[in-house]
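Subject: Structure handover

Hello,

Here is the structure for you to look through. Please open it first, then read my notes below.

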Amino acid sequence: MPGIYLDHSATTPVREEVFAAMEPYLRTHFGNPGSIHRFGRETRRTVDDAREQVAALIHADPREIVFTSGGTEADNLALRGTVAACKTKRRKVIVSSVEHHAVLQPAEYLSKTDGIEVRVLGVDAEGLVDVDELASLIDEETALVSVMHANNETGAIQPIEPIASLCAQHGVHFHTDAVQSAGKILLDVRATPVSLLALSGHKLYAPKGVGACYVRKGVDIVAQMLGGFQERERRAGTENVAGIVGFGKACELARREWQPMAARTSRLRDALQAGILERIPDTYVNGPSVKRLPNLLNVGISGVEGESVVLGLDVEKIAVSSGAACTSGSLEPSHVLLAMGQSHARAQSAMRFSLGIGTTEAEIDCVLEVLPPLVERLRAGART
Ligand code: PLP
């Protein structure tokens, strides 16, 4: 599809190498990994190879990887699965206010159906949590803390190392949603003692509908999907073999390439940011200036609705987002920006540019040509 795609936080295209790795498993290599004959044994081996590739990206043991249908299911499994397995009196869960709904809604569900106490950890104006505030909330009744690694709207990178250590000191499970950070910044579960971690294939150039939950050895979870013995009884259902193969390949590529890719996208992102701030008056960056994903820029443009800018750019064949993809279309301002203390009007003026592997300098130049006159037109229209 022709056009400029700057919405890689919503989803990414499947890389050629990934597609090529998957293709045989959609055609000739169709065995069920649960079958004991040669067709089954072949795909079982392939799934296990992919498990190693996914594990290697985060420096985990392959046995700690549970394949899921994506990030949402991984987050659900992490929250609901660990709380269900908790045999002690621990009945409290702490989540940050800027989590994706894939974490917030399971937490709400646990509160409504199981009477779990859910405490919400606030963020500062840059969208970062305060570890001291978390320390004041954790107690001997806490079962789980869930703080995402990087935010999908602002790119804010949370201090997961001290959070993981704090949780470990209190014997509390720590889950981090690494859907947006995997393949973009360093992720090492040997250095950071997280208990659980969510990954999603389609954010790192694999197809949609596949992901994984990392479950540290020794952490008990109760399967949330029942009906089979797959994934060592942690997730029932015949494996999405082709998706898993693609996910494995994408993780292998990301492990090799994330550093040069981060350097490249951050250079282009910084040029885009500087150009917007310079050429369009009354614009500001939402999110931290330093502790931010290399490929993401969220800007507020005073006096216009982010949604109108997205539609205006779409006419010019430029794809961006006015917030998280799953909430766009709704008129509710982003819960992330509200949690950062922004007014409704300010939150609604936000838009997100997320760069990817194929983004070029020429594309950034084109956005910088098209955006200022568009904003001027929208501002003039809003005044009349
Ligand atoms: N968590 C975060 C931070 C996300 O950005 C997303 C998707 O946008 C998800 C979870 C859900 O992942 P999936 O689309 O694979 O279900």
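How do the residues of the lining of the largest cavity divide into nonpolar, polar and charged? There are 12 nonpolar, four polar and four charged residues. Here Ala, Val, Leu, Ile, Met, Phe, Trp, Tyr, Cys and Pro count as nonpolar, Asp, Glu, Lys and Arg as charged, and the others, Gly among them, as polar.

This is a predicted model: local features need pLDDT of at least 70, side-chain atom pairs need 80 or more, and totals for chains, interfaces and linings use all residues. Residues are numbered from 1 along each chain, and side-chain values use heavy atoms, without hydrogens and water.

**Cavities**

The search of the whole structure finds three cavities of 30 Å³ or more. A cavity is a set of points on a 1 Å grid, over the protein atoms alone, where a 1.4 Å probe fits but cannot get out; lining residues have an atom within 4 Å of a point. The volume of the largest cavity is about 190 Å³, taken as the space filled by probe spheres set on the points. Its lining has 20 residues, and A182, G183, K184, Y205 and M261 lie nearest its centre. Both domain 1 (4-11 + 258-383) and domain 2 (16-253) give residues to this lining, so the largest cavity lies between them. The domain bounds come from an automatic or database assignment.

**Ligand**

Around the ligand are 13 residues, each with a heavy atom within 4 Å of it. G71, T72, D177, S200 and K203 come nearest. This shell has two nonpolar, eight polar and three charged residues.

Best wishes

Conventions: On a 1 Å grid over the protein atoms alone, a cavity is a set of points where a 1.4 Å probe fits but cannot get out, and a pocket is an open set with protein on both sides within 12 Å along at least five of seven lines; lining residues have an atom within 4 Å of a point.
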